[in-house]
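Good morning, and thank you for making the time.

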Amino acid sequence: MEPNVAELKQKIEDTLCPFGFEVYPFQVAWYNELLPPAFHLPLPGPTLAFLVLSTPAMFDRALKPFLQSYHLQPLTDPVDQCVAYHLRSVTERFPELQMEVIADYEVHPNRRPKILAQTAAHVAGAAYYYQRQDVEADPWGTQRIAGVCIHPRYGGWFAIRGVLLLPGVEVPDLPQRKPPDCIPVRADRITLLEGFNFHWRDWTYRDAVTPQERYSEEQKAYFSAPPADRLALLGLAQPSKELSTTSPEIPLTMLSKPQNPSRVRSWLSPNVSPPVSPGP
């Protein structure tokens with residue numbers, strides 16, 4: 001089965017893009033080729049998948065309305081649950097395709113990540129995954145250096161949210177789009193990787209390229225605040241444990257997700273640096 005990928009992509013974008021997401025198609029083979037077998041997606045190489053990332057606009061278009069609709073009920077991780085809600089809406093729009101969703105935070109029982117999100121973003125052409133191996137004669141000695149994706153329009157002001165897999169849908173002729181190498185100079189790559197690894201709290205690594213849009217000051221304050229204080233920053237009441245856990249606007253069954261407090265910081269492979277999530 002080989003659908004019209006452009007048409008399918010447009011339909012998925014019609015569902016997600018109004019809420020601040022972007023969508024990029026790729027073949028499972030492109031992802032598996034860069035990773036050892038333990039990290040492979042267990043699907044035929046030509047299987048179609050879509051990477052989903054969030055732009056700075058997601059905060060106002062998706063997260064704030066989600067919180068306003070659901071703020072009187074306890075949420076364990078509002079951002080991830082908001083994203084899960086929107087990704088689930090895509091699968092419900094195309095029940096005949098039997099899509100599978102893998103969120104960026106999901107892990108197997110042994111805590112191996114189900115998807116290496118930055119590798120997926122790179123092979124989908126969404127964002128260039130800069131790693132230590134991209135710096136000739138690097139200066140870091142025995143230090144452990146994690147890689148980071150940079151988007152050509154948003155720099156580091158975005159987040160990879162997951163992939164949509166379409167088992168049984170194969171696209172052997174899908175052309176691969178290379179991610180734009182927007183930081184070609186060695187010195188700039190060193191600055192980026194050092195900023196990401198050692199100074200990520202000051203946000204400056206995200207400006208490795210001049211972005212078309214950054215997180216707003218409200219959004220930065222929200223993500224910088226302790227989770228218990230975040231709703232108050234948006235003028236929303238804190239949820240009570242005694243309140244009901246059902247909602248007429250957002251069914252609870254659309255919000256469930258596996259929990260992953262550590263966000264998978266420790267997995268290494270020959271071709272990828274460990275995924276690190278300093279913030280959304």
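**Helix packing and aromatic pairs**

Let me begin with helix H1 (residues 5-16) and helix H4, which pack at an angle of about 135° with their axes 10 Å apart. H1 is therefore oblique to H4; angles under 35 degrees count as roughly parallel, over 145 as roughly antiparallel, 65 to 115 as roughly perpendicular, and the rest as oblique. Axes here are lines fitted to C-alpha atoms, for helices over the stretch in contact, with angles running from 0 to 180 degrees between N-to-C directions.

On the H1 side, the contact (heavy atoms within 4.5 Å) involves Lys11, Ile12, Asp14, Thr15 and Leu16, and on the H4 side His86, Leu87, Ser89, Val90 and Arg93. By class, these residues are four nonpolar, three polar and three charged. Nonpolar covers Ala, Val, Leu, Ile, Met, Phe, Trp, Tyr, Cys and Pro; charged covers Asp, Glu, Lys and Arg; the others, Gly among them, are polar.

A word on provenance: this is a predicted model, in which local features need pLDDT of at least 70 and side-chain atom pairs count only at pLDDT 80 or more, while totals for chains, interfaces and linings use all residues. Residues are numbered from 1 along each chain as its sequence is written, and side-chain values use heavy atoms, with hydrogens and water left out.

Leaving aside residues up to four places away in sequence, His86 touches Leu16, Phe19, Phe21 and Ala62.

I turn now to helix H3 (residues 58-70) and helix H7 (residues 217-224), which pack at an angle of about 55° with their axes 12 Å apart. H3 is thus oblique to H7, and passes H7 in a left-handed crossing. Phe59, Asp60, Leu63, Lys64 and Leu67 of H3 meet Glu218, Gln219, Tyr222 and Phe223 of H7. This contact has five nonpolar, one polar and three charged residues.

How many aromatic pairs are there? The count comes to ten, where rings of Phe, Tyr and Trp (its six-membered ring) pair if their centres lie within 6.5 Å, and planes under 30 degrees apart count as stacked, over 60 as edge-to-face and the rest as tilted. Phe66 and Tyr85 form a tilted pair, 6.3 Å centre to centre with 45° between the planes. Phe66 lies in H3 and Tyr85 in H4 (residues 78-93), so the pair ties together parts 19 residues apart in sequence. Phe66 is buried at 3% relative accessibility, whereas Tyr85 is partly exposed at 22%. Another tilted pair is Tyr215 with Phe223, at 6.0 Å centre to centre and 45° between the planes; Tyr215 and Phe223 are both buried. Ring pairs also link Phe59, Trp157, Trp203, Tyr215, Tyr222 and Phe223 into a cluster.

Finally, the chain overall. It has eight helices and six strands, taken as DSSP runs numbered from the N terminus (helices H or I, at least four residues; strands E, at least two). Of its 280 residues, 51% are buried. Among contacts between residues at least 6 apart in sequence, 77% join residues at least 24 apart.

Key
Left-handed = near helix turned anticlockwise from the far one by under 90°. Buried < 20%, exposed > 50% of the residue type's maximum accessible area, 1.4 Å probe, protein only.
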